[in-house]
Amino acid sequence: MQLMAGDLAIEKLGLEHLREAAALGALTDQAITYLMEKGKIHTLRKDDVLIESGSPSGSFFIVLKGALAYYQTLDNGSLEYIYDFHFGEAIGFVSMIALTPWPGTTISKDDSLVLEINSDLFYQLHCEMPLDFGVLLINLSRELARKILNLIQMVGELKRNGH
């Protein structure tokens, strides 16, 4: 895993592409540029570990390119595949907000690019661009709401099938 400069990532991907990311949708170009330049852009190769279970959670990530697989750590210490994160999705927002360690491990499925937004940058965006911060928070909340609805559906199906 290596770091890429934010301006280089913008040049490589384009603001048009970044605006299509669910987490970044409806943000101003200035806010997207701000996050890209002040955040950390990680380049990952296939099978690179982005974050491991138990690590401190002072940041979250937005997938800019590629896909990452999330594995939940079970009580016996084994990892169980749960979900793939794709372009525009946020990884780890819940753990950052909840102030809990990472509950699982995230591994790149292919060459990927992710934007890391730490809690300090999240707060700085709130102070310097409050309207964009509100939009980002709505985007992240909407993504969480959709995942909760999917989980409710899965629990219902498991119960119906006697699990």
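Helix 5, spanning residues 119-128, has L121, F122 and L125 as its buried residues; buried here means under 20% relative accessible area, exposed means over 50%, and partly exposed is in between, with a 1.4 Å probe and protein chains only. On the face of helix 5 turned away from the buried side are the exposed residues D120 and Y123.

The cover over the buried residues of helix 5 includes helix 3 (29-38), helix 4 (93-98) and helix 6 (130-160), along with strand 4 (59-65) and strand 9 (112-118). Contact means heavy atoms within 4.5 Å.

A word on the source: this is a predicted model, in which local features need pLDDT of at least 70, side-chain atom pairs count only at pLDDT 80 or more, and totals for chains, interfaces and linings use all residues. Residues are numbered from 1 along each chain as its sequence is written, and side-chain values use heavy atoms, with hydrogens and water left out.

Zooming out, the chain has six helices and nine strands, where helices (H or I, at least four residues) and strands (E, at least two) are DSSP runs numbered from the N terminus. With 163 residues, a compact globule would have a radius of gyration near 15 Å, and the 16 Å of the chain agrees with that. The radius is taken over C-alpha atoms, and the globule rule is 2.2 Å times the number of residues to the power 0.38. Along the principal axes, the C-alpha atoms fill a box of roughly 50 × 30 × 25 Å. Of the 163 residues, 42% count as buried. Among contacts between residues at least 6 apart in sequence, 76% join residues at least 24 apart.

Most residues other than glycine have a negative phi. D47, although not a glycine, has a positive phi of about 75°; D47 lies in the loop between strand 2 (40-44) and strand 3 (49-51) and counts as exposed because its relative accessibility is 52%. L99, not a glycine either, has a positive phi of about 60°. The loop between helix 4 and strand 8 (104-108) holds L99, which counts as exposed at 75% relative accessibility.
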